[in-house]
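Here are a few exercises to work through with the model open beside you. Try each task before you read its solution.

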Amino acid sequence: MIDLLLDPLEYAFMMRGLVAAVIVGAVCAMVGTYVVLRGMAFLGDALAHAILPGVAVGYIVGDGARAPLFWWALVAAVLASLGIGAVTKGTRVKQDTAIGIIFAGTFALGIAMISSMRSYAVDLAHFLFGDILGVSNGDLWLTGILGGGVVLVIIAFYKEFMVLAFDPVLATTLRLPTNLLENLLLVLIAVTIVVSLQTVGVALMVAMLVTPAATAYLVTQRLAVMMALAAGIAAVSGVVGLYLSFYLEIASGAAIVLTCTAFFLLVWAAQSLGLRLNSGE
Amino acid sequence: MKVIDRLRKSAGMLRNIPHQDETPFLVVKDLHVRYEGLPALSGVDFNIETGSRVAVIGPNGAGKSTLFKVIAGVLKASSGEVRVSGHQPQGHICIAYVPQRSEVDWSFPVSVADVVMMGRTGKLGMLRRPKAEDWELVRHCLELVGMEGLAERQINELSAGQQQRMFIAQTLAQEAELLLLDEPLSGLDLPSQEEVFLILDELHKRGVTVMLATHDLGMAAARFDYVMLLNHKLLGFGTPQEVFTEERLKSAYGGHLQMIPTDDGTMVIGDTCCDD
């Protein structure tokens, strides 16, 4: 049994992958708490897809190197969130429609750009579904520093983000800088997505943002607890998912997301069962 | 009360603009507001003195919430001006807007004490955590609204009346001097309404100015110094005796009003739009 757990650790790429999965899971879940509470899941999904053209430009400019991808993807995510705001404000179109337009448009642009490259199929799959076992030491450092930065900002502005999420009108009458905080939250989501790109990829990103946070939401009624619990669930899902992917030979990103989903379903089932038992007494 | 005084001293200098006593507390001058492209308020003019209790009445969609949000500095006026103690609302952190209960996310993962503490966010300042004395203040505010035992409850577990009193405790923590309460009495049974009025009486003694939107005309006449009759325009503002004339009410509500003639004049039963 112990061997089952230790064997994969003999591979350096598995060690790096596990560290990356834990960091990314925790960061995604903490940011995801606000995504869940404010009903921004679609926006999160859209931003994840919208970074693809940035990734493509970074790939071409950096000739396959990893570091430029981060920064170009970040630029693309910030531009996309600003674009969604501009379409919502500048037209009569509702926000979810604006998100749909920008999301599909930028995603298509990204696919078009990547398809013009030589090793199209392999690289596109990496961006879409992640490549956690290809994480290098340098990637790990970047993930740790940026992810740590996101967590610090969330802790620093905890009470402000809480007020803004609970009651934006109250935030305004308390004269908090609401526009600044809104934009800061969008930037945090964008950085989180970029940091997680290699772990789960663009297509499954939204699951890392919302599923662990939603699971925590089911079991607690305190924001701080929800955040901590979500981070814990996501980190454990990352480790469990990666082991599953190792032994069952399935894609790592998919395995991690499926583990998150399984946690959610288990908690939900346990809760409805508990409720039924309680009401049956 | 010592705690409140101490906190007021430490925080007051930071953000509160000095209030000018010679001008009326709240001045609204030729206010025009468009909301979602439609005119919501036009040509609204009034002054309110410090410590007044004003009931704002008018049919649904008359612009009561819009008026409150403009006074709170949340919505922008198309033209005209709002002055609170001689300054724009955006400069004050002493204005509290309590939303209609239907607009609140009651399943949000916070306790009653958390929500009351939110009122202090502006005073605490960025990057600061609440200290022991802030929690003491929150406990004191909850005591004032008779909810000291419910501090750790999830907000979803409260009754409608308790939810309303929690928000009033939040405005106490905010040290609000102008309270804008948006239909706080809807859905409250009579004893709960009475509890809210007892707290408002206490606030009145402390010089807090209150504007309260309601559909209960009888309550407006019985419990308030002034009544404001609104339907996109200001149709009447004065003491209940001055405002509650058949003519004025008909111009605001049209046919949506039940009036029963009695010996000493006309008695209004209520507007027919809502359940309170």
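**Exercise 1. Find which residues of the largest nonpolar core touch the most other members.**

Step 1. The core has 170 residues, and Ile51(A) and Ala77(A) are the ones that touch the most other members. A nonpolar core here is a set of buried Ala, Val, Leu, Ile, Met, Phe, Trp, Tyr and Cys residues joined through C-beta atoms within 7 Å; buried means that 20 or more other C-beta atoms lie within 10 Å of the residue's own, with C-beta atoms placed from the backbone.

Step 2. Helix α11 (residues 178–219) of chain A gives this core its largest share, 24 residues. Helices are DSSP runs (H or I, at least four residues) and strands likewise (E, at least two), numbered from the N terminus.

Step 3. Beyond its neighbours within four places in sequence, Ile51(A) contacts Ala73(A), Ala76(A), Ala77(A), Ile193(A), Val194(A) and Val202(A). Contact means C-beta atoms, placed from the backbone, within 7 Å.

Before going on, a word on the model. It is predicted, so local features need pLDDT of at least 70 and side-chain atom pairs count only at pLDDT 80 or more, while totals for chains, interfaces and linings use all residues. Residues are numbered from 1 along each chain as its sequence is written, and chains are lettered from A and ligands numbered from 1 in the order in which they are written.

**Exercise 2. Describe how α9(A) meets α11(A).**

Step 1. The axes of helix α9 (residues 158–166) of chain A and α11(A) come within 11 Å and cross at roughly 100 degrees. Axes are lines fitted to C-alpha atoms, for helices over the stretch in contact, and angles run from 0 to 180 degrees between N-to-C directions.

Step 2. The angle therefore makes α9(A) roughly perpendicular to α11(A) (65 to 115 degrees).

Step 3. Glu160(A), Phe161(A) and Leu164(A) of α9(A) meet Thr178(A), Leu181(A) and Leu185(A) of α11(A).

**Exercise 3. Work out how the axes of α5(A) and α6(A) cross.**

Step 1. Helix α5 (residues 67–90) of chain A and helix α6 (residues 95–115) of chain A have axes that come within 9 Å and cross at roughly 135 degrees.

Step 2. Residues making the contact include Ala80(A) and Gly83(A) of α5(A), and Ala98(A) and Ile102(A) of α6(A).

**Exercise 4. State how many residues each chain gives to the contact between chains A and B.**

Step 1. Chain B gives 19 residues and chain A gives 20 residues.

Step 2. On the side of chain B that touches chain A, β5 (95–98) and α4 (121–124) of chain B each give two or more residues.

Step 3. The largest share of that side, 3 residues, comes from β5(B).

Notes: Two residues are in contact if their C-beta atoms, placed from the backbone, lie within 7 Å. A residue is buried if 20 or more other C-beta atoms lie within 10 Å of its own, exposed if 12 or fewer, and partly exposed in between; C-beta atoms are placed from the backbone. Angles under 35 degrees count as roughly parallel, over 145 as roughly antiparallel, 65 to 115 as roughly perpendicular and the rest as oblique.
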